[in-house]
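Here is a short briefing to read with the structure open. Take it one topic at a time.

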Amino acid sequence: MFKTLERYLREYDKVLLIEEPGSILPKDILKDKPKRSHVSGQRILILSSVSWKDQTEDMTFCQISKEEARHFREIYYTYEFSDRFFLLPKGHMNYASLHRLVDTGILSLEEFFDALLQ
Amino acid sequence: MDQLHYKEMKQNLEALIAAGTVSDKTIYIFGHCNATEELVDLLAVKGYPVSAILDNNPEKQGNHYKGIPIIAPREILKTHKSNKNKEESMLICIVSRAYEAMARQLRQMGYSGCLEKLVDYNTFAEYSLSSETIGCKRERVMRGIRIFEGIRQSMNKEFYVICPFSALGDVYYAMAYLPGYLKKNRIRNCGVVTVGTACSDIAAMFGFTSRKALSQKDMDELVQAVLFTRAKDVLIAHHDRPYTNLLMRALYVKLVPFELMYRCGVFGLEKDCVPAKPTKRQGISGQISMERGKSVVLSPYAKSVAGIGNPIWQRIISYYKQKGYQVYTNVAGEENALPGTCALRVSLGQLQGAVEWAGTFIGIRSGLCDVIKEAKCRKIVLFPDCYYSDTRWKVAEFFYLEGWENIVVEEQYGKG
């Protein structure tokens with residue numbers, strides 16, 4: 001299973017595992033490319049076990065099994081195996097998070113993704 | 001840079017010198033940070049000049065540290081790529097936490113010469129998915145789980161707040177906003193886990209009586225276990241640790257000052273939430289002989305920001321002595337008082353009382369400034385004129401202190 005993850009990391013510049021994409025990814029955010037020049041040109045893969053269909057030239061969405069998502073999440077919390085793999089978890093987080101800056105009105109959701117994908 | 005990491009860097013450098021890796025090499029250091037400047041100074045003392053500091057940040061490129069240019073990595077690789085022999089005579093040192101990413105960048109750019117990591121700040125990272133690596137890291141998690149079990153047994157609290165790094169300012173803000181977090185989440189009792197006793201003392205100043213101090217190694221393992229188990233009775237209260245914490249990426253898009261990072265990003269509190277103030281300070285009466293209101297306390301040492309050279313401190317000392325002031329240097333551990341000043345050794349809990357007694361405090365921006373931020377006296381904070389980490393924000397913008405005289409020391413005055 002980790003061979004798949006290695007392949008993703010070889011083929012993409014950034015890999016995001018998003019546990020609840022519907023709640024965190026507004027559909028138009030990935031389409032607004034002119035404003036996000038740093039995203040343009042990067043190959044970004046969004047993984048989720050939940051179906052969420054959207055795609056742009058630069059971003060690919062890939063639905064993975066719940067088992068795969070669980071394995072990827074577990075290895076992410078075991079050690080930092082890459083600085084290009086990010087997990088956006090759902091529910092409780094026991095560490096500081098960029099998303100809290102959105103919740104408290106410091107960052108907009110657009111700025112959140114700009115920061116994440118920089 | 002803290003003393004433990006400095007010692008590690010020095011030992012690793014001495015081992016490289018003994019192995020003949022440094023002599024006759026053109027030396028570069030990748031990443032301009034406080035540790036880089038310390039390494040430049042250390043290499044200079046040992047007779048090995050650094051040719052250039054490499055940095056990806058265009059805002060830093062073109063600047064100098066003690067006459068050493070800061071340039072883009074591609075500049076040296078462009079020069080040396082055409083000549084393999086030259087590449088063999090190069091040594092690139094890295095003393096940054098982002099070693100893995102920086103090493104990868106150099107290799108991707110085609111550099112195949114000598115590359116040395118002199119400090120291992122980041123025990124969390126190993127950019128490999130080999131079975132061997134995964135096995136080692138799983139064992140590390142298990143050690144962390146055992147540490148956490150021990151803490152739960154000995155402290156027996158409803159909730160635990162972990163301050164994962166030994167930095168006074170970080171712990172200060174964690175403690176200042178923790179009461180608001182506990183109230184918001186209706187948590188009645190809480191244990192605080194820190195690295196080392198100085199950080200534990202900060203928690204004590206805010207009235208947290210249930211505390212545990214760990215070594216950095218045990219703390220890193222504990223933090224990993226907390227992540228792995230997704231423990232719900234814990235908060236890791238830090239602005240950029242561990243690696244799952246992406247908070248500092250906010251600085252790529254806008255300036256979010258240090259304190260706001262804690263208030264909103266770490267604790268998720270409202271923008272206008274008022275921080276708690278330390279309530280358990282210790283008195284100083286009868287313990288120091290400084291003249292009240294006619295003394296100045298200097299604090300020249302910092303961990304997170306680059307130092308300010310002796311010439312500026314000497315000018316400050318001369319200025320105050322001419323005005324009839326007694327001049328003190330606040331010191332701890334192996335730190336020395338600046339020449340011409342007396343050493344002031346007081347506990348963290350006494351420091352506010354000491355500077356209020358003195359009347360004036362002048363310090364480089366460090367966690368000590370946070371510890372005494374509420375002091376009622378003249379407070380001047382000095383900033384080196386440099387960028388914070390790999391961001392486009394100056395150190396003085398990120399660490400600005402409300403209610404203080406914030407002064408940026410330009411390089412020609414600061415480095416000497």
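This is a predicted model: local features need pLDDT of at least 70, side-chain atom pairs count only at pLDDT 80 or more; totals for chains, interfaces and linings use all residues.

- Helix 1 of chain A makes the contact through Phe2(A), Thr4(A), Leu5(A) and Tyr8(A).
- Helix 3 of chain A answers with Glu68(A), His71(A), Phe72(A) and Ile75(A).
- Sorted by class, the residues of this contact are five nonpolar, two polar and one charged.

**Chain A as a whole**

- Chain A has five helices and four strands.
- In what order do the elements of chain A run from the N terminus on? The order is α-β-α-β-β-α-β-α-α.
- Chain A has 118 residues, and 56% of them count as buried.
- Take the contacts in chain A with a separation of 6 or more. Residues 24 or more positions apart account for 64% of them.

**The second largest pocket**

- The second largest pocket holds about 530 Å³ of space.
- The lining of this pocket has 28 residues. Closest to the pocket centre are Gly91(A), Met93(A), Ser97(A), His99(A) and Asp103(A).
- Which elements each supply at least two residues of the lining? From chain A they are helix 2 (21-24), strand 4 (85-88), helix 4 (98-103) and helix 5 (109-117). From chain B, helix 7 (168-184) joins them.
- Helix 4 of chain A gives the most to the lining, with four residues.
- By class, the lining of the second largest pocket divides into 13 nonpolar, nine polar and six charged residues.

**A lysine in chain B**

- Look for Lys137(B) in helix 6 (residues 131-155) of chain B.
- Is Lys137(B) buried or exposed? The relative accessible area of Lys137(B) is 8%. Buried means under 20%, so Lys137(B) is buried.
- What does Lys137(B) touch, not counting residues up to four places away in sequence? In chain A, Lys137(B) touches Thr78(A) and Tyr79(A). In chain B, Lys137(B) touches Thr123(B), Phe124(B), Ala125(B) and Glu126(B).

Key:
Residues are numbered from 1 along each chain as its sequence is written. Chains are lettered from A and ligands numbered from 1 in the order in which they are written. Side-chain values use heavy atoms; hydrogens and water are left out. Contact means heavy atoms within 4.5 Å. Ala, Val, Leu, Ile, Met, Phe, Trp, Tyr, Cys and Pro count as nonpolar, Asp, Glu, Lys and Arg as charged, and the others, Gly among them, as polar. On a 1 Å grid over the protein atoms alone, a cavity is a set of points where a 1.4 Å probe fits but cannot get out, and a pocket is an open set with protein on both sides within 12 Å along at least five of seven lines; lining residues have an atom within 4 Å of a point. Grid points are joined across faces, edges and corners, and a volume is the space filled by probe spheres set on the points. Buried means under 20% relative accessible area, exposed over 50%, partly exposed in between (1.4 Å probe, protein chains only).
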